[in-house]
Amino acid sequence: MMQFTETPPQPLHQIVTTPPLFSPNLPIMNKNQTHRTRPWPGFPTSSKLTNFGDANCMEQLLVHCANAIETNDATLAQQILWVLNNIAPPDGDSNQRLTCAFLRALIARAARSGSLKLLAAMNAAQANLAIHTHKFSVIELAGFIDLTPWHRFGFTAANAAILEAVEGFSVIHIVDLSLTHCMQIPTLVDAIASRQDGLITPPLLKLTVAGTTEDVPPMLDLSYEELGSKLVNFARSRNIILEFTVIPSSYTDGFANLIEQLRVQNLVYPESGHEALVINCHMMLHYIPEETFQNFEPCSSSSTSITASSTSLRSMFLKAIRGLDPTVVVLVDEDADLTSNDLVGRLRSAFNYLWIPYDTVDTFLPRGSKQRQWYEADVCWKIENMIAYEGFQRVERLEPKCRWVQRMRSAGFRSVSFGEEAVNEVKAMLDEHAAGWGLKKEEEDLVLTWKGHNVVFATTWIPA
């Protein structure tokens, strides 16, 4: 069961949204019409309006609204939108803010389709629907990430696995495919530096990143070249030599240019010294396009195979990585399935996963704070992309851990268990955060949980 607050909702007639998504001047339903709502399966009757604040009811309303929009039922869609607008203010509790984000996304989808009569009534509301994502400075982003284990979990687990895998190598080449713009690297540099006793020459650290042009949150307010300069200077302050390389490449084609450049380097320098190649994938691979035409084995501990079209970019990327013969591959991502081509199925999955960031934010950011606005704007961006867009414009396509495990095995990798040191470091990190966060081990993998629900997974792989 999902964890939700137990505060009873206000009666519908007492709720005022601030600011409203719909202007009072718009030709929407008046409150007397709530007793004339058309019945449809699963929708509460007028005698149960006080239950509208329940999260399960909010989910049902969103589902019925999505169905109405998809079937071009303008009257029904407008009725449900009116109810949702009144029970889900953008400054309400966690469930209300979650529902408000999905309401915005559904309106954006309707606006993009341009097929509903109710769009004329929405025009005046468009200014309130805009999502204002923040561009972070390096210091802001580093501090922002430290607030919650959402990313720190992956950083901590991955760094421990990388340090174990590269022990004894004189050159460490890290290919960093990270959503967080190399924010993991300073802690890794610190860890490498701390392992040197002053008598041994520290290893050369080569860092390669894909210089993507697409903007997905969190966004940085400086170029990769400027970021690289800061990282080089930081490493130098720790007596580590770091070489920083940017290869223009995009997730839209499976980082094809990055793979090709790495392949060329392997051909030119086949004996490049005692060099470890580390592929660090942190919440970035699910942006590689993947229309769900593959036939996957059911997710289970015994599932080891996957059948997929040869045109699957994700599978092609992993096989290309395998061809580079890396020392270790670390794959960290969010543990949810948001790949369905069915809007309603995708909405349900997203609603039952993305309540977590709204539920956790109360533990580390006060209401009204700028950081909280940035945090929730990034979540809203994800929800809008999942719900309002289709085709290659829908880039938020999370896959669960079990499916990535199938992909990695099919590509020729075998999993490696996280050591006791890694587990202890993750536990120590979680002790710095709210009590609701937890850690569990699933076979060789680590999973971050919130109130018992899977949030983020971390896996480690070597060539089979």
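Select helix α9, residues 224-237. Helices here are DSSP runs of H or I with at least four residues, strands are E runs of at least two, and both are numbered from the N terminus. The expected span of a helix is 1.5 Å times one less than its number of residues. For the 14 residues of α9 that gives 20 Å, and the end C-alpha atoms are 20 Å apart, which agrees.

This is a predicted model: local features need pLDDT of at least 70, side-chain atom pairs need 80 or more, and totals for chains, interfaces and linings use all residues. Residues are numbered from 1 along each chain as its sequence is written, and side-chain values use heavy atoms, without hydrogens or water.

Stay on α9 and colour Y224, L227, G228, L231, V232 and A235: these are its buried residues. They cover an arc of only 135° around the axis, so they lie on the same side of α9. The arc is taken from the directions from the helix axis to the C-beta atoms. Buried means under 20% relative accessible area, exposed over 50%, and partly exposed in between, with a 1.4 Å probe and protein chains only.

Next, show what covers that side. The cover includes α6 (138-145), α8 (185-194), β3 (204-210), β4 (219-220) and β5 (242-247), where contact means heavy atoms within 4.5 Å. Just after α9, stop at N239, which takes a positive phi of about 60°.

Move to α3, residues 94-113. Its 20 residues reach 29 Å from first C-alpha to last, close to the 28 Å expected. Of those 20 residues, 17 are buried. At the start of α3, find D93: a side-chain oxygen reaches to within 3.1 Å of the backbone nitrogen of N95.

Now the salt bridges. Each is a side-chain nitrogen of Lys or Arg within 4 Å of a carboxyl oxygen of Asp or Glu. The count comes to 26.

Select D359 and K451. Their closest N and O atoms are 2.9 Å apart. The pair links distant parts of the chain, 92 residues apart: D359 sits in helix α12 (343-360), K451 in the loop between β12 (445-450) and β13 (453-463). D359 is buried at 9%, while K451 is partly exposed at 38%.

Then pick E399 and R407, a salt bridge of 2.9 Å, N to O. Are E399 and R407 buried or exposed? E399 is buried at 2%, and R407 is buried at 2%.

Finish at D325 and R322, whose closest N and O atoms are 3.9 Å apart in a salt bridge. D325 is exposed at 51%; R322 is partly exposed at 23%.

Key
A polar contact is a pair of N or O atoms within 3.5 Å; within protein, one must be able to donate a hydrogen and the other to accept it, and residues adjacent in sequence count only if both atoms are side-chain atoms.
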